[in-house]
Amino acid sequence: MKDQVTVDVKNEGSKISPDIYGHFSEHLGRCIYGGFWVGKDSEIPNIDGYRKDVVEAFKEIDIPNLRWPGGCFADEYHWRDGIGPYETRKRMINTHWGGVLEDNSFGTHEFLGLCETLGCKPYINGNVGSGTVQEMSEWVEYITFNGESPMANLRAAYGHKEPWKLPMFGVGNESWGCGGNMRPEYYADLYRRYQTYVRQYGPDKIFKIACGPNSADWNWTEVLMKNAAYYMDGLSLHHYCVAPGWDAKDTAAGFDEKNWFALLKSASFMETLVSKHDEIMSKYDPDKRIALVVDEWGAWHQVEPETNPGFLYQQNTVRDALVAGITLNIFNNHSDRVRVANIAQAVNVLQSPVLTEGNKMILTPTWYVFHMYKAHMNGTLIKSKVATSEVGMEKDKMLDAITASASKKDGVYTITLTNVDLDNTRTVTVNLDNLEGKLSSAVAKVVCGEKMNSMNTFDNPQQVVEKDLACKITAENQVVVEMPARSVVTLTVK
């Protein structure tokens with residue numbers, strides 16, 4: 001089967017923000033505790049309490065930002081519970097996620113220290129659902145104020161005299177649901193009020209993010225943009241892809257061919273979501289000053305058998321790699337509006353790039369997609385067109401076999417491709433139109449699986465990894481690559 005991808009090198013788009021490749025860490029299951037944080041006294045190798053292998057894995061994919069403390073947990077989180085000596089921190093029940101003990105040993109200082117260790121931006125979500133304006137205001141002061149003030153003095157007393165930078169701050173989370181079950185009109189007014197007191201102390205701007213819609217809730221976007229656009233820098237969007245069998249027995253690794261396509265169709269719906277919400281936002285913000293912040297996205301499967309259902313622990317297969325590849329291609333292609341995104345979640349929860357078990361750690365197929373796609377960060381989008389056929393098993397769940405996005409950085413073109421075809425290798429011809437000169441080199445990398453549910457396990461961690469793939473320059477401006485079935489490919493050409 002032959003497919004064509006046309007990349008017009010003269011048709012440049014916007015810069016692809018590195019923050020599109022962000023991650024999300026919530027106090028949920030084993031994402032924080034046992035994931036990022038094991039404590040300084042742990043026998044598991046750590047850097048000041050941060051799990052060393054996990055830190056190294058995220059540094060290798062150039063993590064740009066990390067969102068915390070939630071998620072639903074954010075709107076029950078009171079930041080003062082997580083500062084000061086460990087022995088005085090409040091011990092409580094995590095009522096949202098699993099009913100387990102939350103000892104608050106990982107708080108503001110630990111999170112910001114983690115971001116420093118990772119070399120990434122912190123993205124903090126404030127509490128609107130059960131918190132006060134004063135609480136949110138004082139948290140920002142505690143983190144960022146450089147001078148004499150009650151919160152700055154408290155920060156210094158707890159061991160950090162110098163302020164931190166706070167590049168991104170979310171005012172509430174899922175206010176339409178677990179963050180308060182609010183109507184958009186009510187939240188819009190609350191957002192206007194709360195954000196007023198997210199003060200900017202000094203020259204470093206805080207990028208303020210309003211709670212946006214749940215998936216296809218077009219009215220929420222309309223109301224927020226109409227009533228609060230002036231006061232926001234970003235509007236969030238949450239979308240999880242699920243297969244119809246989710247309510248039955250469809251798990252991350254246990255699914256049939258029909259649900260292979262159904263889940264990937266659900267992932268592809270991100271194109272409609274981004275386009276439609278962008279259209280609504282552009283009525284009020286035609287210059288696209290306000291970013292669409294897709295700060296929760298990914299596949300949501302049934303939890304793994306014999307695990308706490310409140311921990312949302314799931315395996316990660318080559319199908320999830322396709323979810324990541326398709327979604328990131330969409331974000332790249334809409335980088336004029338989508339400038340921040342966070343896959344949910346970073347470790348041991350939902351579609352995680354990293355899984356841990358005791359002192360073991362594995363990289364999932366999703367991690368390898370982020371590793372292959374990181375070349376897009378800070379690149380300039382090059383507009384591309386795909387000519388392909390549709391594949392699938394149900395008339396209403398057919399989807400394009402091939403998706404693509406392309407960028408240019410330092411004279412090098414990166415083209416990322418996905419092939420959702422379950423059974424067929426597809427011959428993909430990539431044409432770089434309007435190229436001056438001729439191509440001198442082309443290198444391809446691939447992530448694919450022998451089976452549709454191929455995955456890495458703690459006993460066999462190398463089942464699905466990034467590998468070299470043959471490709472061929474067939475003309476001055478043309479590269480041909482044979483994409484295996486069920487694969488994500490990165491082409492690097494110059």
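Trainee: Which residues does leucine 114 touch, leaving out those up to four places away in sequence?

Mentor: In this predicted model, leucine 114 touches Phe36, Tyr50, Val55, Leu66 and Phe106, once residues up to four places away in sequence are left out.

Trainee: And where is leucine 114 found?

Mentor: Leucine 114 is found in helix 2, which covers residues 108-118.

Trainee: Is leucine 114 buried or exposed?

Mentor: Leucine 114 is buried, because its relative accessible area is 0%, and buried means under 20%.

Trainee: How far apart are leucine 114 and arginine 51?

Mentor: In sequence they are 63 residues apart, while in space their C-alpha atoms are 9.9 Å apart.

Trainee: Let's switch to helix 3. How many residues of helix 3 are buried?

Mentor: Eleven of its twelve residues are buried, so helix 3 is largely enclosed by the rest of the structure. Among the buried ones are Val133, Met136, Trp139, Tyr142 and Ile143, and also Glu135, Glu138 and Glu141.

Trainee: What covers the buried residues of helix 3, then?

Mentor: The cover includes strand 5 (65-68), strand 8 (121-126) and strand 9, together with helix 2, helix 4 (150-157) and helix 5. Helix 2 is also the helix in which leucine 114 is found.

Trainee: How far does helix 3 reach from its first C-alpha to its last?

Mentor: Helix 3, residues 133-144, reaches 17 Å, which is close to the 16 Å expected at 1.5 Å a residue.

Trainee: Okay, sheets now. Which strands make up the closed barrel?

Mentor: The closed barrel has eight strands, running 2-5-8-9-10-11-12-13 with parallel pairing, and neighbouring strands of this sheet are turned by 30° against each other on average, direction ignored. Helix 5 (residues 184-196) packs on the sheet, where it touches strand 9 (168-171) and strand 10 (207-210), and its direction makes about 160° with that of strand 10.

Trainee: How do strand 2 and strand 13 pair?

Mentor: Strand 2, residues 22-24, and strand 13, residues 338-343, pair in the parallel sense over two bridges, and glycine 22 stands opposite asparagine 342 of strand 13.

Trainee: Which strands does helix 9 lie across?

Mentor: Helix 9 lies across strand 11 (234-241), strand 12 (291-299) and strand 13, and runs at about 170° to strand 12.

Trainee: What about the open sheet, in what order do its strands come?

Mentor: Its ten strands come in the order 23-22-26-20-19-16-1-21-25-24, and the pairing is mixed. Strand 23 (467-469) and strand 24 (471-475) are the edge strands, each pairing on one side only, and the twist averages 25° from one strand to the next. Helix 9 packs on this sheet too, touching strand 16, strand 19, strand 20, strand 22 and strand 26, with its direction at about 135° to that of strand 20. Helix 10 (residues 365-373) touches strand 20, strand 22 and strand 26, and its direction makes about 15° with that of strand 26.

Trainee: Which residue is the bridge partner of lysine 445?

Mentor: That partner is aspartate 468, in strand 23, and strand 23 pairs with strand 22 (residues 442-448) in the antiparallel sense over three bridges.

Trainee: Last topic: how many residues has the largest nonpolar core?

Mentor: The largest nonpolar core has 142 residues, and those with the most contacts inside it are Phe58, Phe169, Trp260, Trp297, Phe331 and Leu417. Helix 9, residues 318-333, gives the most to this core, with nine residues. Apart from it lies another core of six residues, including Tyr123, Met168, Ile209 and Val340.

How values were computed
Residues numbered from 1 in each chain as written. Predicted model: local features only at pLDDT ≥ 70, side-chain atom pairs only at ≥ 80, totals over all residues. Heavy atoms only, no water. Core = buried A, V, L, I, M, F, W, Y, C linked by side-chain atoms within 4.5 Å. Buried < 20%, exposed > 50% of the residue type's maximum accessible area, 1.4 Å probe, protein only. Helix = DSSP H or I, 4+ residues; strand = E, 2+ residues; numbered from the N terminus. Contact = heavy atoms within 4.5 Å. Pairing = 2+ DSSP bridges. Axes fitted to C-alpha atoms, helices over the stretch in contact; angles between N-to-C directions. Expected span 1.5 Å × (residues − 1).
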